[in-house]
Amino acid sequence: MFSLRELRQIEENRVQEEEHAVRSADEQRRMAKEAKERAEREAEEARIRAERDAQLQIETARENAEREARMRVESAEATERQRQQAALEQQRLQQEMELRRAEVAKKRPTWMLVVTGIALVAAVGLVFFAIQRMKESEESKEKELAAQVERDEAVKAAQEAQEKVERLAIDLADLDKKLGSAVDNVIAAQTDADRSAAKGKLEALRREKAEMEQRIADAKAAAARAERKKGVKISKECQDNPLAKGCT
């Protein structure tokens, strides 16, 4: 069993704990109230500060817009003043030039006008003469170029004709050898049949030679014409014998 003293001590402890709990609750309520009031106060201050900043931004933007508009107006007015000033200056200069031209025209002697007219006509004539000479020069160059092309073609044709004559001359020399062999065959033939065959071959070779000589004559004539076109005269010796010295 507890003694009276112990019971009294327990009761005092309980009372102290209850008082402490009450004080703690009061302190917490007070702190919560202060925190709430502080939060409300800070929120109000933030709202006021935000409104003030927004108003300041609006005022700043309005001032900037007004300043820019004023600067544009001033710039436009300055530009217009400069344009008007330039127009007035141009008009003044034009009037001065007209007055000077009028004064010069009054003072200019007649002979100067005549000389000016003659100089103008001479200048036009020189320009026309230069154009005409340029045109003649171009035509001359074109004719010279055409003549050069024609000469080149003539040289080529003459060379080809000369080569043809040379080939035919070589063929004719070979044909002469064949004719010589054919004559020998006729002489050496022992029977009438052999002689008849040899004579037939000989006649064929003679006809072939005649045709060859005609082709050579035609080729010589063509070569002569080609040489005349390119401005070179063929000697009688070269016409008769294209293989002669100095003819190739």
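**View 1. Arg83 pairs up with Glu80.** Arg83 makes a salt bridge to Glu80, with the closest N and O atoms 2.5 Å apart; the term here covers a side-chain nitrogen of Lys or Arg within 4 Å of a carboxyl oxygen of Asp or Glu. Both residues sit in helix α1, three residues apart, about one turn of the helix. Glu80 comes out as partly exposed, at 31% relative accessibility. For these labels, buried is under 20% relative accessible area, exposed is over 50%, and partly exposed is in between (1.4 Å probe, protein chains only). A heads-up on provenance: this is a predicted model, where local features need pLDDT of at least 70 and side-chain atom pairs count only at pLDDT 80 or more, while totals for chains, interfaces and linings use all residues. Residues are numbered from 1 along each chain as its sequence is written, and side-chain values use heavy atoms, with hydrogens and water left out.

**View 2. Asp26 and Arg29, another pair in α1.** Helix α1 spans residues 4-107, and Asp26 and Arg29 lie in it three residues apart, about one turn of the helix. Their salt bridge has its closest N and O atoms 2.0 Å apart. Asp26 is partly exposed, with a relative accessible area of 35%, whereas Arg29 counts as exposed at 52%.

**View 3. A linked set: Glu11, Arg14 and Glu18.** These three residues are joined in a network of salt bridges. The structure as a whole holds 15 salt bridges.

**View 4. Arg195 and Asp192 in α3.** The side chains of Arg195 and Asp192 meet in a salt bridge, 2.2 Å from N to O. Both belong to helix α3, and they are three residues apart, about one turn of the helix. Asp192 is exposed, with a relative accessible area of 57%, while Arg195 is partly exposed at 29%.

**View 5. The length of α3 and its buried residues.** With 38 residues, α3 reaches 55 Å from its first C-alpha to its last, close to the 56 Å expected at 1.5 Å a residue; that expectation is 1.5 Å times one less than the number of residues. Among the buried residues of α3 are Ala198, Leu202, Leu205, Met212 and Ile216, and the list also includes Lys220 and Glu227.

**View 6. The largest nonpolar core.** This core has 15 residues, of which Leu168, Leu202, Leu205, Met212 and Ile216 touch the most other members. A nonpolar core here means a set of buried Ala, Val, Leu, Ile, Met, Phe, Trp, Tyr and Cys residues joined through side-chain atoms within 4.5 Å. Helices α2 (110-188) and α3 (192-229) each supply at least two residues of the core, and α2 gives the largest share, eight residues. Zooming in on Leu202, and leaving aside its neighbours within four places in sequence, its contacts (heavy atoms within 4.5 Å) are Leu179, Ala182, Val183 and Val186.

**View 7. Zooming back out to the whole protein.** There are four helices and zero strands, counted as DSSP runs numbered from the N terminus (helices are H or I, at least four residues; strands are E, at least two). Buried residues make up 12% of the 248 residues. The protein exposes about 20700 Å², and carbon and sulfur atoms supply 56% of that area, computed with the Shrake-Rupley method and a 1.4 Å probe. Of the contacts with a separation of 6 or more, 63% are between residues 24 or more positions apart.
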